[in-house]
Amino acid sequence: MVRLNLFLFMLCFALSSIFFSAKTQELPFIQYTVQDGLGSMFIRCMFQDSRGILWIGTLDGISKFNGEGFKTIISKMVLIILL
């Protein structure tokens with residue numbers, strides 16, 4: 001009985017690894033830097049609004065990403081002046 005359970009477990013494991021490995025896919029990955037317009041490489045938070053715009057809070061301010069490029073909305077210098 002123990003051998004049968006072990007055999008069934010190993011069979012299920014082998015079959016599941018075959019089926020699940022065939023369904024995996026690679027998703028595209030793009031790394032953005034300051035040269036691309038990001039305010040800073042030190043990201044503190046991110047939020048995506050209902051329009052799909054990604055808001056990124058960095059050490060140097062808030063950047064907005066619309067899928068094509070970045071725009072810095074509030075820079076660190078403006079925050080210092082406001083305070």
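Buried residues (under 20% relative accessible area, with exposed meaning over 50% and partly exposed in between, using a 1.4 Å probe and protein chains only) make up 13% of the 83 residues in the chain. This is a predicted model, where local features need pLDDT of at least 70, side-chain atom pairs count only at pLDDT 80 or more, and totals for chains, interfaces and linings use all residues. Residues are numbered from 1 along each chain as its sequence is written, and side-chain values use heavy atoms, with hydrogens and water left out.

**Layout and surface**

- The chain has 2 helices and 4 strands, where helices (H or I, at least four residues) and strands (E, at least two) are DSSP runs numbered from the N terminus.
- Going along the sequence, you get the pattern α-β-β-β-β-α.
- Contact means heavy atoms within 4.5 Å; among contacts in the chain between residues at least 6 apart in sequence, 12% join residues at least 24 apart.

**The nonpolar patch**

- Val34, Met41, Phe42 and Leu59 make a nonpolar surface patch of about 380 Å².
- For the record, patches are made of residues with over 30% relative accessible area and no salt bridge, with like charges joined within 9 Å and nonpolar side chains (Val, Leu, Ile, Met, Phe, Trp, Tyr) within 5 Å.
- Leu59, one of the patch members, sits in the loop between β2 (54-58) and β3 (61-65).
- With a relative accessible area of 38%, Leu59 is partly exposed.

**Aromatic rings**

- A pair of aromatic rings is described by the distance of the centres and the angle of the planes.
- Rings of Phe, Tyr and Trp (its six-membered ring) pair up if their centres lie within 6.5 Å; planes under 30 degrees apart count as stacked, over 60 as edge-to-face and the rest as tilted.
- Searching the whole structure turns up 3 aromatic pairs.
- One of them is Tyr32 with Phe65, a tilted pair at 5.0 Å centre to centre and 50° between the planes.
- Tyr32 lies in the loop between α1 (2-23) and β1 (43-48) and Phe65 in strand β3, so this pair ties together parts that are 33 residues apart in sequence.
- On accessibility, Tyr32 is partly exposed at 30%, while Phe65 is buried at 11%.
- The ring centres of Phe65 and Phe70 are 4.6 Å apart with the planes at 35°, so that pair is tilted.
- Phe70 is buried, as is Phe65.
- Put together, ring pairs link Tyr32, Phe65 and Phe70 into a cluster.

**Ser63**

- Ser63 is in strand β3 and is buried, with a relative accessible area of 0%.
- A polar atom of the Ser63 side chain lies 3.1 Å from the backbone nitrogen of Gly39.
- That distance falls under the polar contact rule: a pair of N or O atoms within 3.5 Å, where within protein one must be able to donate a hydrogen and the other to accept it, and residues adjacent in sequence count only if both atoms are side-chain atoms.
- Leaving out residues up to four places away in sequence, Ser63 touches Leu38, Gly39, Leu54, Trp55, Ile56, Phe70, Lys71 and Thr72.

- Ser40 belongs to the loop between α1 and β1 and is buried, with a relative accessible area of 6%.
- The side chain of Ser40 has a polar atom 3.1 Å from the backbone nitrogen of Phe42.
- Not counting residues up to four places away in sequence, Ser40 touches Val34, Thr58, Leu59 and Asp60.
- Thr58 is in strand β2 and counts as buried at 8% relative accessibility.
- C-alpha to C-alpha, Thr58 and Leu38 are 8.6 Å apart in space and 20 residues apart in sequence.
- With residues up to four places away in sequence not counted, the contacts of Thr58 are Leu38, Gly39, Ser40, Phe42, Ile43 and Arg44.

**Salt bridge**

- The count comes to 1 salt bridge, the rule being a side-chain nitrogen of Lys or Arg within 4 Å of a carboxyl oxygen of Asp or Glu.
- Arg51 forms a salt bridge with Asp49, and the closest N and O atoms are 3.3 Å apart.
- Arg51 is exposed, with a relative accessible area of 63%, whereas Asp49 is buried at 16%.

Note on methods
Accessible areas come from the Shrake-Rupley method with a 1.4 Å probe; for residues, only the protein chains shown count as cover.
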